[in-house]
Amino acid sequence: MKREREENDNDDDKTSKSPTSHDLKRTCSREIKAAASKLPLDLKVEILKKLPGKSLVRFQCVSKQWSTIISSRKDFIDSIVTRSLAKPLRDDLHFIFHHSRSSEPFFFFSSTYTHKEHPISITGIKSLRCSLEFQYVRGLICYSTLISHDLVTIYNPTTRKSVSLPDIKSPNIMYRSCFFGYDSVMDQYKVMSVTNTLEKTFEHVCQVFTLGDPMKQWRKIQGIESHCPIGRSVHINGTIYYGGNPHDNNDVTSEFMLVSFDVRFERFDHINAPIVVTNDMTYPALVNYKGKLGCFCYKNIGVEMWVMEDVEKQEWSKTISCLPNVPLERYPYYDRCVTLGGKIFLLQRSRYEPDDPLAIYCYDPKQNSFRRIEIQCTTPRRDDVIEVVGVSDHVENTMRL
């Protein structure tokens, strides 16, 4: 009996001393950290550059050094961004699905024709039934309210982190538009705001907010003639392009102007439109066409697309004379998006019918083919509205906001 007790005690000691899976993981983690600490810094950086964005986000917790490299080091972040752009011309499209009139507004960022992805709640909006403007630049999303100054937020889909910008200090705001851009020379993201006030009819105030500025405040800049921005903007190589409606315009045959904004030098300029826009025409829509400014012009006879071939000389060429099979009666209610490979997508801005799902149209100029694609799981409730925004140049960005 005594011998049996001794054997049982020995068995208990062996059992208690056997390592658990948690102990093994902890030991393995310590060994990895110890091995990683012995590697030269340059070799660490090169190894990390090979990893996907999701892994990099998780590995920020390994050490302060890794966190600084992944989220703050410019050359590292640039390499993560450019490796996506360095791939062959892509025809993939990402989508922003914005549920604007649900009880709790939110949006998805998805890489497929379905929006079963991680939902991002939208907070800080005073009016739940207001529209938001979404702009995508170099891996970051800027969304803002259109009518008032309730909200301007920058969101990073890679890290799933966001930062809200301070309120714009401008009294009696009637209408405000925000534009998002990036200065590659100074490595700065900027939001430019054009605000129209009620005190003096159609007078506008231009301000700029620089992401990462320690002062964390908007700065007034010199604007151009009074105008009201219209339509979506386009950011190409450090320049923001957008359309506008000039105020106090004596030329009744043209109520459309093209404006450019240099993000680095914070300077406005006029751009000659490819055609004269008359009162019976829909305002042109701007797109990024293979790194050049593209302009869709809608006429009663069809849709044309013009491309600015020379920025300095402002020379345009007509690339497409008429988009085939486009539902012309619904065309003004579609957003246009062009992939890096040249495919043209038309996306419905919103949909109210609860039994009719959203659909997009895709036109391939090379194959001269046209197809309709239904977006899955986008049948809204009767009190909800879904807005869809296309992103053709999605890249991973591990920048800390």
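Ser 71 is located in helix H5, which spans residues 64-72; helices are DSSP runs of H or I with at least four residues, numbered from the N terminus. The model is predicted, with local features requiring pLDDT of at least 70 and side-chain atom pairs counted only at pLDDT 80 or more, while totals for chains, interfaces and linings use all residues. Residues are numbered from 1 along each chain as its sequence is written, and side-chain values use heavy atoms, with hydrogens and water left out.

Ser 71 has a relative accessible area of 3% and is therefore buried (buried, under 20%; exposed, over 50%; partly exposed, in between; 1.4 Å probe, protein chains only). A polar atom of the Ser 71 side chain lies 2.6 Å from the backbone oxygen of Ser 67. The Ser 71 side chain also forms a polar contact of 2.9 Å with the side chain of Arg 400; such a contact is a pair of N or O atoms within 3.5 Å, where, within protein, one must be able to donate a hydrogen and the other to accept it, and residues adjacent in sequence count only if both atoms are side-chain atoms. Beyond neighbours within four places in sequence, Ser 71 is in contact (heavy atoms within 4.5 Å) with Gln 60, Ile 77, Thr 398, Met 399 and Arg 400.

Thr 68 also lies in helix H5. With a relative accessibility of 46%, Thr 68 is classed as partly exposed. The C-alpha atoms of Thr 68 and Met 399 are 9.8 Å apart in space, although the two residues are separated by 331 residues in sequence.

How values were computed. Helix = DSSP H or I, 4+ residues; strand = E, 2+ residues; numbered from the N terminus.
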